[in-house]
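Keep the viewer open as you read.

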Amino acid sequence: MNIYTLKTILIATLLAAIGFSGFAQAEQGGALRGRVYNPDNNQPVDFAYVIIDGTTIGTITDLDGNFAIFGLKPGYVRVAVNSLGFDPVVTKEILITNANTPYIEIEMKPSNIQLDDVVVEASRFRQREESPLSLRSIGIKEIEKSPGGNRDISKVIQSLPGVGATPANRNDIIVRGGGANENRFFLDGVEIPNINHFATQGSSGGPAGIINVDFVRELDFFAGAFPANRGNALSSVLDFRLIDGNKDRLKTRATVGASDLALTLDGPIGDKSSFVFSVRRSYLEFLFDLIGLPFLPTYNDIQFKHKIRFNQNNELSFIGLGAFDVNRLNLSANETESQRFILKYLPTNDQWTYTVGAVYRNFFKNGNQTLVLSRNHLNNVSQKYQDNIEAPTNLNFDYASNEIETKIRYEYVTRQGAWKFLYGAGAEYNQYTNYTYNKLFFNAQVVEFDYETELDFYSYSAFTQISRNLLAERLLVSAGARIDGNTYSEQMSNPLEQFSPRISASYALTNKWSLNANTGRYYQRPAYTTMGYRDIAGNLINKDNRLRYKYTDHFVVGVENKPNPNSRFTVEGFYKLYNAYPFSISDSVAISSKSADFDVFGAEEVLSIGEGRTYGVEILYRNTDLWGSNITTSFTLFRSEFKDSKEVYIPTAWDNRILFNLTATRPLPKNWDIGFKWRYVGGAPYTPVDLERSSLRQAYDVTGRTYLDYDRFNSERLAPSHQLDVRVDKAFFFNKWSLMLYLDIQNIYNFKSQQPDQYINEDINGNVVIENPTAPLNEQRYVLRKLENTGSGTVLPSIGIMIEF
């Protein structure tokens, strides 16, 4: 069975399922329960008006801030809340069904506007005091129904301005020209090191997301103006807010996704606590074997949240996320040159990771305090044998590593009149182990590189931020600072050397227009793979080289227009200056451009001398109800450059220069939804192959593929690419259960994006050819043949089935 036959079966299956629409669906209405509260002190907001946005259906909260609304039509709804003395709120979408009653907690912040005759309309777009710009919030409906997203967060955010493109099999997050290793992720305040399966150690990429979106209420995506309590990031912070378990009864959702099967449970545990639990397993191994791919990946993940509300002033949450990933080679899939090319270099890989954390929150009259305890562990094992013959003499690469972090963070937030104060501190116990055996072609000979590393050290931080409205509430100013340090080395031990100030301001020109700005310095600790790297002599060479924190200075200015509560238009210009970036000794380039590959990132000798810059302009227009459609369009024009060894700026691997996205979704009668996403990406730079070095038999044999010519680093550029993804959703809401279906077709017009040329040491018949077989081994050369380059990309249909009861 080929892939096209499989696609036909998938589409036919969905069309058959859609035939169910002839059956009668339940008419009984759904319900929604929730609570409205002040997030500063957890006090209920009583007698607040709660209505379903766009309707007259609603109610009033009771003395405890609770509400319940009945008789709702199934589907996604927003909730609008108004109360005297508070800023009005419109929530992100919530799914209403007949079978289950969702529960939502709605934050209402005290209003600083005291004039009774001023009417303030609630915007659908969130703004935070600490981050008045470069912040985008995404609700669950946008995540669930994003065309081409397949319920994967990393793919969904690629529609936002400044978020770069990655290969189809990668989930690297590239923000404003920064590297994939420059991002940080939080689940309800618990930091997690990575959000992807088969993670690139030392970076953040991978082919599929770990986070089950059944857990996600909404996502705050910061491309700049980072709050002071979110450290160790240079390009972005992703702050996930998770749902709480169902308050009424156990709810179950079973999902057949594009690449996995999932089961999610949530419900109450007594009167004061609830839980959410999910487990997923991929079926990619069977699918890839069926269509003849030379590698067979399998991923598994588990996620949970348990929340206990002891009383109005005290609550405790336990959060966990874990994954186990295995990649094996499909040695029988070796009939084509492209299959054999992949088999020659791709290693086997076993990887598991987990994060567990506890978040305790205590509320008092004017604020709250939060204590977060967590531990995360990554175990990464990889092997590669020459010609995939598992004999000791053929072992080219053997790698086993652990990264373990045990963390504590304390935060204190209080409001004193018009002032908001945030301060806190954090500490970590960091452990890293690494066993590496690697054959390298170095100085015209094969060198066996064999070392072990065991590191343990402490990291520490402190932060504060102060926010206030001025000039009759027209001007919002937020200023913060952060310090970080660790005991790894003298160069990084003094936290004052990593002093990170920041300031943001937003000035309301009118009630619809505002001018926003931010500047700040942000630091990031080097990757463990870099800190623990040893040279051939066994020295921690990067420690000897005085490795330091890398940092970037952000300068952002923008203008924002909100013509009505449903729409938002922003223009932001940004300029980022990088300093002390790890600079590769062997390749004479900053290592940022190497962070998007299925490999270990940062394990090489470096100097903290790299300098770079990214700059550009972003334009975003969002309208949640443009003639009945939800529209997001963004355009980014930018440059991303780092200096080479000659102090000349050269483009990074992320220098696409132009990004354009247009996403539109529209609900239709009878619970249908349709949508599309069109994306245009400027051509990415790439480094051509060093054929002279690559053709050497000993050089080729230790890697199974060619070497890049770093003397011509990113001197070539691919052609631009574009892609159209479409999606159709259909939901059936019965009395006791619900059925949701979708058909997602990526790259519907089958665009082939240009890829760099690849070479193999075989002739067209699959025979290895040596140019000079009688020469000494160290002089022998392969005859390298260029593979047929038809480009990357194919029509990729997938279906999803979700059953909830």
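## Ground rules

Strands here are DSSP runs (E, at least two residues), numbered from the N terminus. This is a predicted model, in which local features need pLDDT of at least 70 and side-chain atom pairs count only at pLDDT 80 or more, while totals for chains, interfaces and linings use all residues. Residues are numbered from 1 along each chain as its sequence is written, and side-chain values use heavy atoms, with hydrogens and water left out.

Let's begin with E452, found in strand 26 (residues 445-470). With a relative accessible area of 59%, E452 is exposed (exposed means over 50%, buried under 20%, and partly exposed in between, with a 1.4 Å probe and protein chains only).

## Salt bridges across the chain

A salt bridge is a side-chain nitrogen of Lys or Arg within 4 Å of a carboxyl oxygen of Asp or Glu. The whole structure holds 60 of these salt bridges. One of them pairs K420 with E130 at 3.0 Å, N to O. The two partners come from distant parts of the chain, 290 residues apart: K420 is in strand 25 (residues 419-442), and E130 is in the loop between strand 9 and strand 10 (135-139). K420 is buried at 11% relative accessible area, and E130 is buried at 6%.

D188 and K305 also meet through their side chains, at 2.7 Å from N to O. D188 sits in the loop between strand 11 (183-187) and strand 12 (190-192) and K305 in strand 20 (residues 295-311), so this bridge ties together parts 117 residues apart in sequence. D188 counts as partly exposed at 23%, whereas K305 is buried at 4%.

R253 bridges to E804, with 3.0 Å between the closest N and O atoms. Because R253 lies in strand 17 (residues 251-256) and E804 in strand 43 (residues 796-804), the pair ties together parts 551 residues apart in sequence. Both R253 and E804 are buried. Elsewhere, shared partners join R35, E105, D188, D244, K305, K307, R309 and E315 into one salt-bridge network.

## Two buried loop residues

I591 belongs to the loop between strand 31 (567-584) and strand 32 (606-626), and is buried at 2% relative accessible area. Beyond its neighbours within four places in sequence, I591 has contacts (heavy atoms within 4.5 Å) that include Y581, F601 and V606.

T101 is placed in the loop between strand 8 (94-96) and strand 9 (103-107), and counts as buried at 19%.

Conventions:
Helices (H or I, at least four residues) and strands (E, at least two) are DSSP runs, numbered from the N terminus.
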